[in-house]
Amino acid sequence: KVKPFRKTPDPAFMYRSRAHEEALARMEQVVEDRDLMLLIGEIGSGKTTLSRVLIDSLKGPKPVLIVNPVLTPNQFLRTLAVRLGAEKPRHFKADLIDQVNDLIWEANEGGALPVVIIDEAQLIPSRATFEEIRLLTNFQLDTANLLALILLAQPEVEKRINRKDYEAFRQRIGMYCYLEALSE
């Protein structure tokens with residue numbers, strides 16, 4: 001009745017292989033733990049579709065989904081502020097960081113856990129933008145982070161983040177997951 005192999009990530013066509021079930025369970029765990037995850041898989045392996053399955057399963061406000069992360073650090077923060085509900089994102093970086101922090105804090109106070117999903121993370125243009133993502137993990141209480149972050153990327157991201165100048169970012173990743181291709 002419907003073409004199953006369209007180029008859109010329709011969760012209805014998710015094939016729940018053992019690898020996909022494991023990746024989804026890990027994504028759910030990262031949300032529960034309010035942690036940072038890097039999900040790596042080849043083109044077409046189902047990363048984006050998995051993220052849509054996760055989004056559909058979450059209760060509360062829809063996660064912040066960034067599908068085009070080719071953003072400078074300020075553009076990333078402004079995009080995040082708008083997606084978190086800011087009508088007028090601030091211009092100066094320090095003010096913008098405070099605004100994002102306030103929005104995340106308010107969401108938590110209201111009983112909502114902000115979840116940020118960044119698709120195509122291998123396209124993030126600079127270490128500075130990765131650094132802003134890392135610094136989001138500083139928004140925390142004494143006992144828990146105030147948000148969960150999930151980055152979906154193709155394998156080439158590994159070569160980049162394994163460089164010495166990305167060490168601080170790598171140390172914040174609470175969970176790595178490699179999505180294998182479908183078996184026969």
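Before the helix pair, the terms: axes are lines fitted to C-alpha atoms, for helices over the stretch in contact, and angles run from 0 to 180 degrees between N-to-C directions. Helices (H or I, at least four residues) and strands (E, at least two) are DSSP runs, numbered from the N terminus.

I am working on a predicted model, where local features need pLDDT of at least 70, side-chain atom pairs count only at pLDDT 80 or more, and totals for chains, interfaces and linings use all residues. Residues are numbered from 1 along each chain as its sequence is written, and side-chain values use heavy atoms, with hydrogens and water left out.

**Helix pair.** I looked up α3 against α4. They pack at an angle of about 30°, and their axes are 10 Å apart. From α3, the contact (heavy atoms within 4.5 Å) takes in Asn74, Leu77, Arg78, Leu80 and Ala81. From α4 come Lys93, Leu96, Ile97, Gln99, Val100 and Leu103.

**Cores.** Next I looked up the largest nonpolar core. The term means buried Ala, Val, Leu, Ile, Met, Phe, Trp, Tyr and Cys residues joined through side-chain atoms within 4.5 Å. Buried is under 20% relative accessible area, exposed over 50%, partly exposed in between (1.4 Å probe, protein chains only). This core has 33 residues, and Phe76, Ile118 and Leu151 touch the most other members. Elements that each supply at least two of its residues include β1 (36-41), α4 (93-109) and β4 (148-153). I noted a second, separate core of 21 residues, with Ala23, Val30, Ile55 and Ala148 among them.

I then followed Phe76. Beyond its neighbours within four places in sequence, Phe76 contacts Ile66, Leu71, Ile118, Thr129, Glu132, Ile133 and Leu136.

**Asn145.** Where is Asn145 found? I place it in the loop between α5 and β4. Asn145 is buried, at 17% relative accessible area. A polar atom of its side chain lies 2.7 Å from the backbone oxygen of Arg34.

**Arg134.** Is Arg134 buried or exposed? Arg134 is buried, with a relative accessible area of 12%. It lies in helix α5. Leaving aside neighbours within four places in sequence, I list Ala168, Phe169 and Arg172 as its contacts.

**Thr49.** Thr49 sits in helix α2 (residues 47-57). Thr49 is buried too, at 17%. Thr49 and Pro11 are 38 residues apart in sequence, yet 5.7 Å apart in space, C-alpha to C-alpha. Outside four places in sequence, Thr49 contacts Pro9, Asp10, Pro11 and Met14.

Key. Polar contact = N/O pair within 3.5 Å; in protein donor to acceptor, adjacent residues only side chain to side chain.
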